[in-house]
Amino acid sequence: MKSSDTAAAAAPVPNPFDASVVVTGTPVVGGLAYGPVIRVGARPAFDADAPAIAEGERAAHEQAFVDAAETVGARLADRASHSTGVSAEVLTATAGLARDRGWISTATGLIASGRPAPAAAAAATEKFVEMFTSLGGLMAERVTDLRDVRDRVIAELLGQPEPGVPTPEVPAILCADDLAPADTAGLNPDLVVGLAMRLGGPSSHTAIIARQLGIPCVVAAADLGDIPSDAAAYIDGDTGTIGSEPDESVISAAVALSREQAAEAAAWTGPGTTVDGVPVAVLANVADGVSARTATNSPVQGVGLFRTELAFLDRATEPTVAEQAALYREVIDAFDGQKVVIRTLDAGSDKPLRFVETDLEPNPAMGVRGNRTALTHPEIRRGQLDALASAADGAASVPWVMAPMIATVDEAREFAAQVRDRGLIPGVMVEVPSAAILADAILAEVDFVSIGTNDLTQYTMAADRMSPELASLTDPWQPAVLALIGMVGAAGDRADKNVGVCGEAAADPLLACVLVGLGVRSLSSAPAASSAVGLKLGQVTLEQCREAARAALAATSASDARDAARSALG
Ligand code: PEP
Ligand code: MG
């Protein structure tokens with residue numbers, strides 16, 4: 001039996017199902033699943049040093065390449081048309097890469113000079129990889145998509161099976177290093193019932209899609225290779241364990257129980273409250289009008305985070321005040337009269353916007369991002385606040401407006417004045433440790449705060465939230481992160497003002513109880529997570545949440561904090 005969590009290496013790895021090999025990782029989506037292991041198909045093999053093609057044959061090779069790229073693009077677009085939400089967006093974007101004229105003409109140019117088509121596809125891709133990497137941020141993340149498209153096109157050219165996720169005949173557990181976005185987006189949750197990744201963090205692409213689809217998921221399981229490929233395996237998304245060849249009758253009974261619990265969660269209708277009646281608003285994170293309207297089908301009580309920058313990622317120029325106002329109004333109207341928290345642009349770092357130009361920075365996560373872009377582009381924030389005021393005019397509710405990346409009391413005061421001037425409700429995000437440490441003074445300036453646990457964890461642990469290698473550090477269960485959240489919760493209590501959480505931590509039912517115990521009174525996450533969180537909160541008292549929070553705070557590692565909270569809550 002092996003543990004991949006070095007911090008917990010001395011502790012025995014739980015093996016309740018009597019598996020022959022158990023490995024551990026970071027749990028991201030709860031639930032238990034069991035089935036044969038499947039692995040992602042290998043990348044196509046081709047001869048990179050194949051001789052140049054004869055001049056007379058080059059045109060045919062060019063055509064073969066164009067046809068292969070179109071076949072791959074059409075296949076991805078077809079999968080997009082059978083998907084919804086983030087999945088459809090990812091598949092459409094990846095299909096766009098396969099059909100990208102710049103990429104195709106670079107490759108056909110190389111073929112025209114004699115390069116065999118597979119080698120030309122690979123060389124053209126590397127050119128774009130270099131370009132995307134130098135642009136940084138979200139563009140750099142698209143490198144995985146580019147390489148995925150390359151492999152699909154080369155396989156098509158060579159008549160080899162499509163790389164990526166195979167279609168299993170029975171419900172299976174998918175094990176991989178990490179999944180390409182197009183693979184995660186195309187997952188069928190009836191056939192892929194569990195996801196185990198060797199890499200990837202709690203906010204990786206795989207984790208986000210697994211959460212959306214409700215597939216039990218464990219990431220950063222370093223020893224995943226120890227699970228034999230032809231085994232039957234289980235994945236426990238609550239404890240973060242994966243085990244091969246468990247006792248079949250024991251695991252089958254446990255999976256049946258887990259399904260019953262999932263069905264019970266699906267029937268939860270809200271509103272959020274502890275069993276002893278402490279209200280905890282369960283809210284949705286949204287990205288535009290469509291996702292807000294879709295979120296109304298989940299048992300959420302409003303929007304806890306509208307990431308406005310996501311609506312403008314494809315814009316080269318700043319949207320007008322009228323365009324922005326129409327978009328914001330769509331989201332406010334979707335939740336007619338309910339709470340809607342809108343965040344001003346969080347541009348920069350991992351979400352660069354072309355119309356918010358910044359100098360190339362050596363360390364963009366620590367640079368001019370979030371509210372700091374108002375230093376270099378005050379007119380953009382002014383325009384956005386004007387648009388928000390215009391959207392609020394005549395709406396059924398006054399939006400709560402918050403700024404990202406606030407680090408000082410002065411920043412909070414200056415932002416609050418701008419928001420109040422426009423008749424809106426001001427708040428700030430707590431994502432930088434300094435804001436948590438000065439929470440009392442910050443809450444004196446604003447009407448509410450919302451803790452962004454993704455960035456708060458990144459900055460507290462000095463660990464890049466996108467790094468697959470650092471997943472055990474970028475875990476919001478880290479006791480240091482919980483301690484900062486506790487400081488903010490206590491300050492909220494003293495000021496009698498709302499403290500919410502809108503990072504991925506709010507999607508974890510067990511952690512949700514700990515957050516409530518620390519003083520958090522609203523939880524906003526992907527709508528798909530809302531019912532499991534709401535159900536769990538409805539089974540515990542405030543005192544039990546406080547006890548779980550005390551136990552987690554006393555732990556010295558993320559995995560111990562999780563275990564301590566779980567046993568405190570029984
Ligand atoms: C966060 O940092 O937790 C957060 C909600 O903001 P984002 O993920 O958009 O940076
Ligand atoms: Mg953030």
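In strand 16, Leu523 is the bridge partner of Val501. Strand 15 (residues 498-501) and strand 16 (residues 522-525) run parallel and are joined by two bridges; strands are DSSP runs of E with at least two residues, helices are runs of H or I with at least four, and both are numbered from the N terminus. The model is predicted, so that local features need pLDDT of at least 70 and side-chain atom pairs count only at pLDDT 80 or more, while totals for chains, interfaces and linings use all residues. Residues are numbered from 1 along each chain as its sequence is written, and side-chain values use heavy atoms, with hydrogens and water left out.

**Sheets**

- A closed barrel of eight strands has the order 9-10-11-12-13-14-15-16 with parallel pairing, where pairing requires at least two DSSP bridges between two strands.
- Another eight strands form an open sheet of mixed pairing, in the order 1-8-7-3-4-5-6-2.
- Its edge strands, each pairing on one side only, are strand 1 (21-24) and strand 2 (26-29).
- Strand 1 is antiparallel to strand 8 (residues 241-244), with four bridges between them, and Thr24 stands opposite Thr241 in strand 8.
- Helix 9 (residues 248-266) packs on this sheet and touches strand 3 (32-39) and strand 7 (232-236); contact means heavy atoms within 4.5 Å.
- The direction of helix 9 makes about 115 degrees with that of strand 3; axes are lines fitted to C-alpha atoms, for helices over the stretch in contact, and angles run from 0 to 180 degrees between N-to-C directions.

**Salt bridges**

- The whole structure holds 27 salt bridges, each a side-chain nitrogen of Lys or Arg within 4 Å of a carboxyl oxygen of Asp or Glu.
- Arg343 and Glu309 form one, with the closest N and O atoms 2.6 Å apart.
- Arg343 lies in strand 11 (residues 339-343) and Glu309 in the loop between strand 10 (302-307) and helix 11 (321-334), so the pair ties together parts 34 residues apart in sequence.
- Both Arg343 and Glu309 are buried, that is, under 20% relative accessible area, whereas exposed means over 50% and partly exposed lies in between (1.4 Å probe, protein chains only).
- Asp386 and Arg422 meet in a salt bridge of 2.8 Å, N to O.
- Asp386 is partly exposed because its relative accessibility is 36%.
- Shared partners join Glu309, Arg343, Asp346, Arg369, Asp455 and Arg465 into one salt-bridge network.

Technical notes. Chains lettered and ligands numbered in written order.
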